[in-house]
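Hi,

Here is the structure I promised to pass on.

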Amino acid sequence: MHGVERVGVIGSGQMGGGIAQVAAQSGFETVVYDLDAAALGKCKSLHEKLFARAVEKGRMTEDQVKETKARLTYSDQLTDVHPADIVIEAVVEKAEVKKEIFKGLAGSVSDRAILASNTSSISITDLATSVGDKADRFIGMHFFNPVPVMKLVEVINGLATSKETTERVLALAEAMGKTAVPANDRAGFVSNRILMPMINEAFYTWMEGVAEPEHIDEIMKLGMAHPMGPLRLADFIGLDTCAHIMEVMADGLSDPRYLPCPLLKQLVTAGRLGDKTKHGVFRYE
Ligand code: CAA
Ligand code: NAD
């Protein structure tokens with residue numbers, strides 16, 4: 001149904017790494033590409049750690065780990081993703097960077113290949129303008145962090161996305177052990193339209209001195225049964241990503257109420273991006 005044997009992933013950060021891991025574990029020949037060799041190395045060592053943990057917990061056998069690893073290639077050559085039946089892009093949340101990548105891919109992948117973006121918020125219709133007459137095969141395939149744990153894939157059709165592409169991606173998400181739920185192409189889709197203003201409001205609450213960050217998080221965890229408080233979650237997602245998502249929504253929904261809180265922007269300017277720099281709202285070992 002999905003017609004996918006080979007998966008190409010662009011970007012080996014927290015999302016690309018997770019998508020590649022789940023694809024390989026689900027039986028797909030997988031190539032994960034990043035232009036940063038250090039990022040690829042970090043991705044590979046996280047996979048090693050998670051595979052070892054899966055064996056320890058009895059979720060995978062040693063043989064399954066061996067087979068999964070044999071299906072997974074780490075590459076710093078973009079041409080290695082060209083034979084893929086679907087390419088899932090997971091680089092920085094900036095439209096111009098993503099479009100540049102897709103423009104290059106459009107002329108290099110096969111005619112049946114699907115081009116998918118894991119964007120958190122950017123219009124799929126807009127991104128699809130970079131692939132010319134392949135816009136019918138362009139789609140949003142939005143995974144959640146951490147990918148191996150979170151069950152959802154939000155599937156977003158652009159204006160030109162064909163029914164066949166949507167059906168193939170819904171089937172592929174299911175084959176990767178996920179539950180696929182459709183959403184329409186508006187900035188932030190459903191998930192981040194609702195989640196990000198809450199996170200942004202937590203920064204305002206902190207900035208205005210209503211409570212200390214740990215107390216804001218404790219109130220939301222204990223009072224609303226959230227697994228992480230909003231400020232811890234912002235660090236976990238990446239403060240740069242949160243700020244970019246707010247900017248995309250302010251622009252795409254033409255409403256300044258979605259602009260990122262000045263304190264969130266200030267932390268990003270200072271290079272405090274959250275878990276990935278070991279310092280965001282909170283410090284990490
Ligand atoms: N990769 C793979 N597995 C991971 C992981 C990671 N990065 N982080 C945690 N896990 C696994 C752990 O291995 C553990 O499983 P085992 O113990 O069986 O090995 C399991 O998840 C639970 O982890 P922990 O016991 O360490 O911690 P926890 O119980 O606090 O759970 C959590 C961690 C799953 C991340 C949980 O805190 C949680 O659900 N947090 C909320 C996450 C969330 O909201 N994600 C969505 C973010 S928004 C988004 O993704 C969209 C966007 O566009 C920004
Ligand atoms: P990240 O910063 O962890 O990783 C991005 C990776 O992309 C880096 O390794 C970087 O080297 C690589 N990269 C940058 N430009 C590249 C290029 N031109 N070619 C190849 N690789 C390149 O970011 P992330 O958190 O994994 O987010 C990636 C995407 O996924 C963003 O669009 C983000 O909005 C989306 N997303 C993030 C989350 C989250 O919780 N972090 C959840 C869902 C979706």
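**What I found**

S26 is partly exposed, with a relative accessible area of 28% (buried is under 20%, exposed over 50%, and partly exposed in between, using a 1.4 Å probe and protein chains only). You'll find S26 in the loop between α1 and β2; helices here are DSSP runs of H or I with at least four residues, strands are E runs of at least two, and both are numbered from the N terminus. Setting aside neighbours within four places in sequence, S26 is in contact with A175 and M176, where contact means heavy atoms within 4.5 Å. V87 is 61 residues from S26 along the chain, and their C-alpha atoms are separated by 16 Å.

Before you go further: this is a predicted model, with local features needing pLDDT of at least 70, side-chain atom pairs counted only at pLDDT 80 or more, and totals for chains, interfaces and linings using all residues. Residues are numbered from 1 along each chain as its sequence is written, chains are lettered from A and ligands numbered from 1 in the order in which they are written, and side-chain values use heavy atoms, with hydrogens and water left out.

**Domains and cores**

The chain is assigned domain 1 (6-184) and domain 2 (192-275), with bounds that come from an automatic or database domain assignment. Their centres, taken over C-alpha atoms, are separated by 26 Å. At the contact between them, 10 residues of domain 1 meet 8 residues of domain 2.

The largest nonpolar core has 52 residues, and L105, L115, F138, M196, F203 and M249 have the most contacts inside it. By nonpolar core I mean a set of buried Ala, Val, Leu, Ile, Met, Phe, Trp, Tyr and Cys residues joined through side-chain atoms within 4.5 Å. Elements giving two or more residues to this core include β2 (29-33), α4 (95-106), α7 and α11 (262-269), while α10 provides the largest share, 8 residues.

How much of α9 is buried? In this helix (residues 230-237), 7 of the 8 residues are buried, so α9 is largely enclosed by the rest of the structure. The buried ones are P230, L231, L233, A234, D235, F236 and I237, and what covers them includes α1 (14-25), α7 (191-207), α8 (213-224) and α10. Just after α9, G238 takes a positive phi of about 115°.

H244 sits in α10 and counts as buried at 18% relative accessibility. Not counting residues up to four places away in sequence, H244 touches V92, E93 and K94.

**The second largest pocket**

Of its 13 lining residues, A95, I122, D126, V248 and D251 are the closest to its centre. A pocket here is an open set of points on a 1 Å grid over the protein atoms alone, where a 1.4 Å probe fits, with protein on both sides within 12 Å along at least five of seven lines; lining residues have an atom within 4 Å of a point.

Domain 1 and domain 2 both give residues to the lining, so the second largest pocket lies between them.

Most residues other than glycine have a negative phi, and most peptide bonds are trans. F189, not a glycine, has a positive phi of about 50° and is buried at 4% relative accessibility. A225 has a phi near 60°, but A225 is exposed, with a relative accessible area of 66%. The peptide bond from N145 to P146 is cis, with omega near 0°.

Cheers
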